[in-house]
Amino acid sequence: MAFPQKNPQSSPDQLPQTHSETQGLEVAQESKALEEASLSSHPEMPGNLKEAPDAAIPSASQSAQSSSSSIVTTVSSSRKYGEGSSSKEEEDSTLEADPEPKNVPMDAEDENVASLVNFLLFKYQIKTITTIEDMLKIISKEYEDRFIEMFQRACERLEIIFGLDVKEVDPHNHCYAIFIKLGLTYDGMQPGEVGVPKTGILILILAVIFMKGNRATEQEIWDVLSVMGLYSGKKHYIFGEPRELITKYFVEEEYLKYRKVANSDPAQFEFLWGPRAHAETTKMQVLKFLAKVHGTIPCCFPSQYEEALRDEEERAREKFWAMDFDLHGPSHF
């Protein structure tokens, strides 16, 4: 099934062309807010992951909470580079908003990681590749010998928080491009929106649904998102008001199904994977992502791992039959 793509991201085979770096990307242009923005060190991973499946959800949330200091303190790259807020953001000012982070303590290395994250977010938004040479211009010269470690930390933040992958696309010239994770093709950003990709929120919701037995109540979803500081009807400093994103845009894009729980009184609602989520990613990919966040391997979630394996086998069979049908036609059957 083909799905309309309102905000498709280029695939590795359709790389954006490198163009002039004359868009004011100097570190000196960073706002004071960004200079004070902190990025946590590697998130602490929960101890015992061999508990019941439901127990893994709060643990995953705790891990996200550790990383969420990045969420609440890393502003959109568009703001970083001097662009104003959108009219949509101004219209949403009636919503209760989280205060901006104030003077969050951070060391110099964290400042450099924060700069790399915002630089890479900007590169993602303008759909262009970057090089190690470009990134070395962003960090302080005295930290150049720690660049690889800081780059790895920045990539982790992009992956866990924003659902983005940084991939080397030209090893000879050390060129990198940023793609949406897990095969997804929608980043949650609306046309003309000034903000950041919200794929990380979608991946987290898909993971919760899977871990909860392929359906999760609305309350269960908000319980997990609240650990990241995301609340229904409350404007988040970075991600804005999340309810419309989750119950409207993710649903309209067919990544989520949102429906009333049968026979619930008072009415309760639940989320399931939508057809586009099933088409673009797999349970195994989501489980591998969740395991990576936990610092473990997928088989540490035994029941989900077995289900993901069955899903992989079913997909392989369907692919085989489709190929066989194409080769031999209906008469073969």
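A crossing is right-handed if the near helix is turned clockwise from the far one by less than a right angle. The views below come from a predicted model.

**View 1. Helix H8 packs against helix H9.** H8 covers residues 199–211, and H9 covers residues 218–227. Their axes lie 10 Å apart, at an angle of about 130°. H8 passes H9 in a right-handed crossing. On H8, the contact is made by Ile201, Leu204, Ile205, Val208 and Ile209. On H9, Ile221, Val224 and Leu225 take part. The contact of H8 with H9 has eight nonpolar residues, no polar and no charged ones.

**View 2. Helix H9 meets helix H10.** H10 spans residues 242–252. The axes of H9 and H10 come within 13 Å and cross at roughly 140°. H9 and H10 are therefore oblique to each other. H9 passes H10 in a right-handed crossing. Glu218, Trp222 and Leu225 of H9 touch Pro242, Arg243, Ile246 and Thr247 of H10. By class, the contact of H9 with H10 has four nonpolar residues, one polar and two charged.

**View 3. Cysteines in a structure with zero disulfides.** A disulfide is a covalent bond between the sulfur atoms of two cysteines. Cys299 is in no disulfide. The nearest cysteine sulfur, that of Cys300, is 5.1 Å away. The cut-off for a disulfide is 2.5 Å. Cys299 has 41% relative accessibility and counts as partly exposed. Cys175 is buried, with a relative accessible area of 10%.

Notes. Residues are numbered from 1 along each chain as its sequence is written. This is a predicted model: local features need pLDDT of at least 70, side-chain atom pairs count only at pLDDT 80 or more; totals for chains, interfaces and linings use all residues. Side-chain values use heavy atoms; hydrogens and water are left out. Axes are lines fitted to C-alpha atoms, for helices over the stretch in contact, and angles run from 0 to 180 degrees between N-to-C directions. Helices (H or I, at least four residues) and strands (E, at least two) are DSSP runs, numbered from the N terminus. Contact means heavy atoms within 4.5 Å. Ala, Val, Leu, Ile, Met, Phe, Trp, Tyr, Cys and Pro count as nonpolar, Asp, Glu, Lys and Arg as charged, and the others, Gly among them, as polar. Buried means under 20% relative accessible area, exposed over 50%, partly exposed in between (1.4 Å probe, protein chains only). Angles under 35 degrees count as roughly parallel, over 145 as roughly antiparallel, 65 to 115 as roughly perpendicular and the rest as oblique.
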